[in-house]
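Trainee: I would like to learn how to read the strands, cores, salt bridges and helix faces of a model with care. Could we take them one at a time?

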Amino acid sequence: MYQWRKFEFFEEKLGGRCAIPEEVRGGIACSSSGRGKLVIGCDDGGVSLLDRGLKFNYGFQAHSSSVLFLQQLKQRNFLVTVGEDEQLSPQQSALCLKVFDLDRMQEEGSSTASPDCIGILRIFTNQFPEAKITSFLVFEEAPPILLIAIGLDNGCIYCIKGDIARERITRFKLQVDNALDRSQSSITGMGFRVDGPVLQLFAVTPASVSLFNLHSQPPARQTLDHIGCNVNSITMSDRSELIIGRPEAVYFYEIDGRGPCWAFEGEKKFVGWFRGYLLCVIADQRSGRNTFNIYDLKNRLIAHSLVLKEVSQMLCEWGNIVLILNDKSALCIGEKDMESKLDMLFKKNLYTVAINLVQSQQADAAATAEVLRKYGDHLYSKQDYDEAMAQYINTIGHLEPSYVIQKFLDAQRIYNLTNYLEKLHEKGLASKDHTTLLLNCYTKLKDVEKLNVFIKSEDGVGEHKFDVETAIRVCRAANYHEHAMYVAKKAGRHEWYLKILLEDLGRYDEALQYISSLEPSQAGVTVKEYGKILIKHKPAETIEILMRLCTEDGESTRRGASNGVYLSMLPSPVDFLNIFIHHPQALMEFLEKYTDKVKDSPAQVEIHNTLLELYLSNDLNFPSISQADKDGEFDTRARPAAAGISKVVTNGKLVSNDKDISKECLERREKGLRLLKVAWPADMEHPLYDVDLAIILCEMNGFTQGLLYIYEKMKLYKEVIACYMQAHDHEGLIACCKRLGDSGKGGDPTLWADLLKYFGELGEDCSKEVKEVLTYIERDDMLPPIIVLQMLSKNPCLTLSVIKDYIARKLEQESKLIEEDRRAVEKYQEDTQTMRKEIEDLRTNARIFQLSKCTACTFTLDLPAVHFMCMHSFHQRCLGDNEKECPECAPEYRSVLEMKRSLEQNAKDQDRFFQQVKTSKDGFSVIAEYFGKGIVSKTSNKQAADRLRQMDLNMHHLFQGQEVSGPMKGDPEAC
């Protein structure tokens, strides 16, 4: 033990040795501590309490003679004392036990006060004969129960248990040794030990160590050893171990016997325990002085050593050790802070001791790591790199890794750096940069075995201990492709696995096989990412995978019959269009297969749009119109001029300029026309493609057949004949008008007027065509002759002979109509003149009624009778209440009035009026009829003039085939 290092981890407090206050007058017989106080019992029966700084707080007279033992309780502020009082009778002992409540003070005089004594007990009774008290100990059970053990020189222990204040107590005796020699059987010390619900009591004599189990009745005794110790050489550790000091060693005892011993030679005057330190006051027989040692048993060092005179008492309070000497002086010793102790060790380069010290005192991990770092730095400065790294590894989690890595970046220390980085990854504290550095170390060392172990290592939950993406990237850069692929596959990073296969290794078949093994959702993502490469090298196989993804084939074995809901959850072919950006032929093949397989795809409009672009494009160049920015508008001016419509006239027919178009292009256009027709069934109002896009595509690529089909389906007949007009296909133009200009079949008769206008403005001889057009115009009486003349007069190449027969026939028809109208006018004039004469006659001449019979009942007319101006006569009884109108003429008169009201009502329905004007062969006759019936005559002269001017303007628009607008439309009072 003499080889143990000595250190000064403790220092004297309160300025060194100080004197006990003068208020403590008697000799110090016993002491105790607790609750922030030192309690000193004197041989004059007085008790003094000292506070921090050993200053006198107060004192009181506990016993009349002397205080032998005392103990300050911890749970309650009670003081238990044993002392001598006045002997009341010779039969009774002077020794008694008192319990003081230090929180309750009672006044004794003007200047002194003493605590309340709540209980007094006589220790010795008839059943418990008197003997010398050698030891004393109090154990606090659940308040207010106390267990007091009193050791005697005869080997007995008197136990008092209960509430002393209420005198509810029980007494029992424990016998330790029956030796005849009282010097070997006296109880020198005791200690309580709590083991769960079991309370045990250690009892020590100079010749034995015993253990009593107080939980059993009667208490069972167990002898632990046959050696003991003297008084004051007994204490309990914080782990409830009994410690006894003998001249040859210090022994530790558990409940099963003697434990470790420490060979500290010398007579142990006092033994104590303080915060894991063993305290010993050892007497030196040669010098007659005492040595006070503080032992750190865990680190095997002497934390403090001090030579003193005779020690009277040893206490622990306020986190310090208090030694009271025989000369009534005291020494307060306190432990230095951890930083001071470590600085002391660092100056001596005792890093191992420092490490053990911080670990034994349960310092925080950061403090331990700091000590390890300094130790590592010390070893590093001595070029002991292996040991230095061992210390740095223990700092992982507290020391910044870059501090260590920077020291070992040299290539000669790459092995140490690799070891550190491995430990860093094992603890899950590595960053991406650490993973990169470790893998680079492996690759530089070419240590494939360690690389395999690192790559294939996993933590407890099956996850890698490193950043997966970093590991893949580093292995890939170092050409360790197999390792990178292993990590990617294990971590489910399919995109990295395929990137290595396709971009680094070029193993396209394996990549396709891997994609096929993935879940559909994952396979779809990977195909979107790497589909361009796969389409370039393996188009057929890639299309096959896409078909399985986008149709139900891939899941048919798992799902059974398909359903519409599941179909809507499948990926759409539109999602994969971008991978075909440089391979339109493969895209066309894929979409054709898809449309053949799936007839009711949710994305069929987009698919048909894309197919139309492919079919109608001349060179299959991308990007296409449908994939342009949706936020912008398509600008046909951005296309090259060569992409415009190219049409020529061949043998008077509209054809495309196909001499430079390949056979493959013609086949695609046939497919395009077939798609235009199939995707617009007769029972659907709108097609399964974008009509505007289809028109643009046909225009840009000069696909006239498709353009004509779309225009006809949309009933844009004028646009149809515009195509023929632009190509100067007169034969096709007339044939188109024959097909589309028949109103009986839903056609537009105004096409003939447009056709005549076209020939009139053509500027070349087209007499044959004009004659044929005039035939249909004359047949359906579409235009007045004057309009025909105006249209054809603009063509200088046409002669009058072209329309001579037409004009002659029209003049003859007009002459006949004029003659018929003249005769009708004469008839109406005669009828009007007759009516006027009759009216005048009714006004000026009397009417003679000569009827002799009633018009209603045909009986002879008698009075009273009623005669009407229409020459009808009636019995008054036959008329009833209706005497104001003739029953015979009233129905006819009412029908005329009803017709007039109906015409007036129709005059307010302007839409109907203009519809009649527009659909009539002779719109002027309709207007004349309205005027003739007086429907449009109920306006003032000024209003009539304005309405007539507006009507004239509207009629002009009608005859020109335009929609009527202006004040007349929508005005209820118009006409």
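Mentor: Let us begin with strand β9 (residues 78-84), where 6 of the 7 residues are buried, so this strand is largely enclosed by the rest of the structure. Buried means under 20% relative accessible area, exposed over 50% and partly exposed in between, with a 1.4 Å probe and protein chains only. Helices (H or I, at least four residues) and strands (E, at least two) are DSSP runs numbered from the N terminus. This is a predicted model, in which local features need pLDDT of at least 70 and side-chain atom pairs count only at pLDDT 80 or more, while totals for chains, interfaces and linings use all residues. Residues are numbered from 1 along each chain as its sequence is written, and side-chain values use heavy atoms, with hydrogens and water left out.

Trainee: Which strand pairs with β9, and in which sense?

Mentor: Two strands pair if DSSP finds at least two bridges between them. Here strand β8 (residues 66-72) pairs with β9 in the antiparallel sense over 6 bridges, and a hairpin joins β8 to β9 through 5 residues. Within this pairing, V67 has G83 in β9 as its bridge partner.

Trainee: In what order do the 5 strands of the open sheet stand?

Mentor: The order is β1-β27-β26-β25-β24, and the pairing is mixed. β1 (5-6) and β24 (267-274) stand at the edges with a single partner strand each, so one side of each is left without a neighbour in the sheet. Elsewhere in this sheet, β25 (residues 277-284) and β26 (residues 289-296) pair in the antiparallel sense over 7 bridges, with I294 in β26 as the bridge partner of L279.

Trainee: Which residues of the largest nonpolar core touch the most other members?

Mentor: In soluble globular proteins, nonpolar side chains tend to be buried together. A nonpolar core is a set of buried Ala, Val, Leu, Ile, Met, Phe, Trp, Tyr and Cys residues joined through side-chain atoms within 4.5 Å. The largest such core has 166 residues, of which F292, I321 and L756 touch the most other members, and helix α25 (residues 750-760) gives the most to this core, with 7 residues. Not counting residues up to four places away in sequence, the residues that L756 touches include V770, L774, I777 and M791, contact meaning heavy atoms within 4.5 Å. A second, separate core of 25 residues includes I118, L146, Y158 and I164.

Trainee: How many salt bridges does a search of the whole structure find?

Mentor: A salt bridge is a side-chain nitrogen of Lys or Arg within 4 Å of a carboxyl oxygen of Asp or Glu, and the search finds 37. In one of them, D163 and R166 have their closest N and O atoms 3.7 Å apart; D163 counts as buried at 10% relative accessibility, whereas R166 counts as exposed at 58%. Another joins E426 and K423 at 4.0 Å, N to O, and these two, being 3 residues apart in helix α7 (residues 414-426), are separated by about one helical turn. Salt bridges that share partners also join R476, K499, E503 and D504 into one network.

Trainee: Which residues of helix α31 are buried?

Mentor: In α31 (residues 910-919), the buried residues are Q910, F913, F914 and V917. They cover an arc of only 90 degrees around the axis, which puts them on the same side of α31; the arc is that of the directions from the helix axis to the C-beta atoms. The face turned away from this buried side carries the exposed residues D911 and T919.
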